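Here are my notes for a first look at this structure. Keep the viewer open while you read, and take the points in order.

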Amino acid sequence: MFRLLTILIFFFTLIYAHPHTFMEVYPSIQTQNNTIKQVDIKWIIDEMTSSMLIMEFDSNGDGKIDKKENNYINKNYFSTLKEFDYYTHTKQKYKVINFKANIKNNKIEYNYSLVFSNKINIKDFSMSFYDTDFFVSMVLKEQFVKQNIPHKVEDIDGDYYFGYKITYK
Amino acid sequence: METYNLLIKKLTMWQYELNHFISSNIKNVDDDSSITISLTVLAIAFLYGLIHAAGPGHGKAIVGFYFSGQRKEEKKSYLQAFEMGYLIAIIHTISALITTFSLYFIIKTMFYKNFRDTYDYILHISSVMIIIVGLYIIYEAYKNKKHKDEETKITKSKFMVAFTAGVVPCPGVMTITLFSIIQHKYLLGILSAITMSIGMGLTISIAGILGILFNKQTDKFTKNIGYILQMLSGVIIVLLGLFLFNS
């Protein structure tokens, strides 16, 4: 038993990566007649990682992200997350629009929206947030969901990562 | 499995909280209250290191398998596990400090991208080194089948294991150090990196102790086939290296 436990601990601690960046996720859904119009998502990146990013993103040092800086972030950082599905996973195919980065309280915020080509009933919709590499830990707490649509926030225990899923009812 | 996932969640959430605590306190270090806040930051950095290394990676698997595969006559006290754990933590931290300062003062731009790329690059080199160490342990086991061991060989493989497991810089240490540099708290940044590595060393040492305990358990069943166990640990270390290389 002890042998088995030791082997399991060693194996599992190896196959899991571990997070070094923490991102809070704030999802918000726009609906019309129970159909999803758009999903707005905000990420707030932890202050330590943000400090690294601000050093690079805020090239003119004015404490704000202007249009040119926003385009740079979008091109060099945010768009590259496409291969990770922007850490945003849904059953339905979506398009990402309206990317906007901000600096608030020394933290970097990413705002973006998801739009869908098909009509989706809110009751058929759920979203999951995770990084399969688990270099980034997505944090979704109940209080981060700011709306009255009934929903449920659950943990996701992937084999190699940990994340959250929000289901609407 | 469910318990393990719960543990990973707990470890992740603690790190999320500690990360926030450290960043807000490093910022608040000023002349009036610097000693108290600095000591608090260092204590939290120690705790952060302890928990951070309890999560995946940091060479625990390699250390665990290394000690679980050592033959009976090669086993020393638990002190060896601490020696190995702290050797890895020291190399891990020095590697992180060198990478951080190099990236910050030489490259400056695209830090975050370079930070992740550098990590991936060194991880690949380290994977190859882990495979070599595994093969070396297999070779040692083969030779030990015929001869009694020589202390020098054991020491050599011990340092090889420590180096290969520790050479990948810890992004956690890099982040704290860089954040301190940006806040112009250079000394506190380096001290935080050191105290974090002391915490990590303790956790990695525990992995070594688990390996020794495992070895003691199996001694009852494998009195005369210790070299097989040693060979098996070498094979597993090679597999870990292959897994890391492809991940």
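**Notes on the two chains**

1. Start with the make-up of chain A: 3 helices and 9 strands. Helices here are DSSP runs of H or I with at least four residues, strands are runs of E with at least two, and both are numbered from the N terminus. From the N terminus on, the order in chain A is α-β-β-α-α-β-β-β-β-β-β-β.

2. A word on the ground rules. This is a predicted model, in which local features need pLDDT of at least 70, side-chain atom pairs count only at pLDDT 80 or more, and totals for chains, interfaces and linings use all residues. Residues are numbered from 1 along each chain as its sequence is written, while chains are lettered from A and ligands numbered from 1 in the order in which they are written.

3. How far can you trust chain A? Its average pLDDT (the predictor's confidence in each residue, from 0 to 100) is 84, and 88% of the residues score at least 70. Residues 1–17 of chain A are below 50, though this stretch has 29 contacts in the model beyond near neighbours in sequence. A contact means two C-beta atoms, placed from the backbone, within 7 Å. Where pLDDT is low, the predicted coordinates should not be read in detail.

4. Now look at the open sheet of 5 strands in chain A, ordered β4-β5-β2-β1-β7 with mixed pairing. Strands count as paired if DSSP finds at least two bridges between them. At the edges stand β4 (94–104) and β7 (136–139) of chain A, each with a single partner strand, so one side of each has no neighbour in the sheet. From one strand to the next, the twist averages 25 degrees.

5. Within that sheet, strands β1 (residues 21–32) and β2 (residues 35–45) of chain A run antiparallel and are joined by 10 bridges. Helix α2 (residues 47–57) of chain A touches β1, β2, β4 and β5 (107–116) of chain A, and its direction makes about 85 degrees with that of β5(A). Helix α3 (residues 67–78) of chain A touches β4 and β5 of chain A, at about 120 degrees to the direction of β4(A). Both angles are taken between N-to-C directions on a scale from 0 to 180 degrees, with axes as lines fitted to C-alpha atoms, for helices over the stretch in contact.

6. What about β7(A)? It pairs with β1(A) in the parallel sense over 4 bridges, and A:M23 has A:M138 as its bridge partner there. Both faces of β7(A) are covered: A:V136 and A:M138 on one side, A:S137 and A:V139 on the other, are all buried. Buried means 20 or more other C-beta atoms within 10 Å of the residue's own, exposed means 12 or fewer, and partly exposed is in between, with C-beta atoms placed from the backbone.

7. Which residues does A:M23 contact, leaving aside its neighbours within four places in sequence? They are A:W43, A:I44, A:I45, A:V136, A:M138 and A:V139.

8. A:M23 turns up again in the largest nonpolar core, which has 82 residues; A:M23, A:M138 and B:V63 touch the most other members. The largest share of this core, 9 residues, is from helix α8 (residues 186–219) of chain B. Such a core is a set of buried Ala, Val, Leu, Ile, Met, Phe, Trp, Tyr and Cys residues joined through C-beta atoms within 7 Å.

9. There is also an open sheet of 4 strands in chain A, with the order β3-β6-β9-β8 and antiparallel pairing. Its edges are β3 (88–89) and β8 (151–157) of chain A; each has a single partner strand, so one side of each is without a neighbour in the sheet. Strands β6 (residues 126–129) and β9 (residues 162–168) of chain A pair over 4 bridges, and A:F129 has A:Y164 as its bridge partner in β9(A).

10. Have a look at two loop residues. A:N34, between β1 and β2 of chain A, has a phi near 65 degrees, positive in a residue other than glycine. A:D85, between α3 and β3 of chain A, is not a glycine either, and its phi is about 55 degrees.

11. Finally, chain B has 9 helices and 0 strands. Of its 247 residues, 44% are buried; for the 169 residues of chain A, the figure is 33%.
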